[in-house]
Amino acid sequence: MTQHYKVVIIGGGTAGITVAAQLLRQDKSLRGQIAIVDPATNHYYQPLWTLVGAGVSTLESTRKSMKQVLPKGVRWIKQAVQKFNPEENNLQLDNEEQVSYDYLVVCPGIQVNWSDIKGLKENIGKNGVCSNYAPEYAGETWKQLSQFKGGNAIFTNPNTTVKCGGAPMKIMFLADDYFRKHNMRNQANVIFETAKPGIFDVPKYKKTLERIIDERNIVVDYRHNLIEINGEQRKATFENLETGETKTLDYEMLHVTPPMGPLDVIKESDLADKVGWVDIDPTTMQHKKYNNVFSLGDASNAPTSKTGAAIRKQAPVVVKNLLQVMNNEMLTHHYDGYTSCPIVTSYNTMMLAEFDYNKKPRETMPFNQAKERRSMYILKKDILPRIYWYGMLKGLM
C-alpha cells in the first residue's frame, strides 16, 4: 500500500513541527496534504534537559505528547523510515509500506551513538555515570550531583559533532556552582575532558569562558576523548588525540556527552554527503541534487552549530524556498548560518552566544552578551520555553 502527500516531512522534532506549522500558515491549501513521519510518542523541549540534570526543572515540563504539538491539518505517520528512494520520490517505512511525495523535507535529527564508547551502555544510569543527552538519564545527573560527597566530578565532550555544543560545559558549570553552594567545592575536583582544541569556537565568548574556568579552578584537558568506562571500579579511560597515549582517571561522578553522527538511514541513502549528513546548499537549504528536497536542523550538513536557535532561522528559509519551488520560481531566501548557544554558567547566570557561519557575533540584545547575566538565565529558564511551545511550534516565528 502506498500513501501520497504533497509534502512529506521526516521528523516530528523542532524542525519538522515548525516547518509544518509555517507551511500551513502561509498556504492553507496544503491542509491535509502534509505528512510528518516520526515514530516517537512524545515531543521534548531538549534545551531544558540541562536544568533537569541540575535539579531546577522537571522532566515533565520538557515533554508534550506528539498529538499535542502536531499542527491541525497534518497527518502523523507513526513509523520510522527504513529507506529513502529520492529518484522515485518515495520512501519505505519500517512496516514495509511506502509513502510517495511531491516534496520532501528531511529533518529527523541526529543519532546518539551510546555504543561507541566501551562500557557506556552497560553503565549509563548507574555506577556514577549519567548524561543529560537523553530524557531517561537526565534525572540520574541530578541524583549524582545531589548525592556527591567528594572526589573527581568529570564531564566529557566527544570527538564528534554534538547537538547543543555548549551543553557539555553547562552542566559542569552548574555542578561547580552546586558544590560551592553546599560547601563541597574543596572536596571536589571538577574536570572537563574535551576532544576539542579549545573551549569555544568564537573568540569573543571563548575569552570569557576561559576566564570563568580559571577563576573557578576547573581542570580542562583539551584533545582528550573518552574511550572506555569501567563502572565497577569507577574508572574512565581517555585517549590523547594528539599523541595517541591513554590515561585512566578515577571518578565519583561522570557526566558523559555521547558521540553523535548522522542517522544510518540517511548515511546509507542518496541524500547523504560523504560523511552521512543530508547534502544541501548551506544558504538555500535545498538539496544539491534533488530540487524537491530540503533539509534543516541536526540532520543537514549546514556548517553551523546544531541548535534549536539555528532551526528557528532555517525554518522560514526552507518554507519560503519550498513554496517558491512549488510555484516554479527562483529561490530568493537565504540562511546566513545564524545560531545561538545559551551557556548557563551558574544557578543564576548565563551568557548568550550568538554567531553566524563566519563565527562572528550576531547579538540580539543591546548589551555585551559575553558577560554573565541573571537576566539571560531567566530568559533560558522561563522565557525561551514559552516562546518555543507557543510561538515556534505554532509557526508564529
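Student: Which strand pairs with E10, in what sense and over how many bridges?

Tutor: In general, the strands of a sheet pair through backbone hydrogen bonds, either parallel or antiparallel. In this predicted model, E10 pairs with strand E17 (residues 253-255) in the parallel sense, over two bridges, where two strands count as paired if DSSP finds at least two bridges between them. The model is predicted, so local features need pLDDT of at least 70 and side-chain atom pairs count only at pLDDT 80 or more, while totals for chains, interfaces and linings use all residues. Residues are numbered from 1 along each chain as its sequence is written, and side-chain values use heavy atoms, with hydrogens and water left out.

Student: What is the strand order in the open sheet, and why is one side of E10 and of E13 left without a neighbour?

Tutor: The open sheet has five strands in the order E10-E17-E11-E12-E13, and their pairing is parallel. Strand E10 (129-130) and strand E13 (219-221) stand at the edges with a single partner strand each, so one side of each has no neighbour in the sheet. Strands (E, at least two residues) and helices (H or I, at least four) are DSSP runs, numbered from the N terminus.

Student: How many aromatic pairs are there?

Tutor: The count comes to 12 aromatic pairs, taking rings of Phe, Tyr and Trp (its six-membered ring) whose centres lie within 6.5 Å, with planes under 30 degrees apart called stacked, over 60 edge-to-face and the rest tilted. Among them is the edge-to-face pair of Trp142 and Tyr178, at 5.5 Å centre to centre and 85° between the planes. Trp142 lies in helix H5 (residues 135-146) and Tyr178 in helix H6 (residues 167-181), so this pair ties together parts that are 36 residues apart in sequence.

Student: Is Tyr178 buried or exposed, and which tilted pair does Tyr178 form?

Tutor: Tyr178 is buried at a relative accessible area of 9%, whereas Trp142, at 31%, is partly exposed; buried means under 20%, exposed over 50% and partly exposed in between (1.4 Å probe, protein chains only). Tyr178 also forms a tilted pair with Tyr347, at 6.4 Å centre to centre and 45° between the planes. Tyr347 lies in the loop between strand E20 (339-344) and strand E21 (350-355), so the pair with Tyr178 in helix H6 ties together parts 169 residues apart in sequence. Tyr347 is buried too, at 16% relative accessibility, and Trp142, Phe148, Tyr178, Phe179 and Tyr347 form one aromatic cluster.
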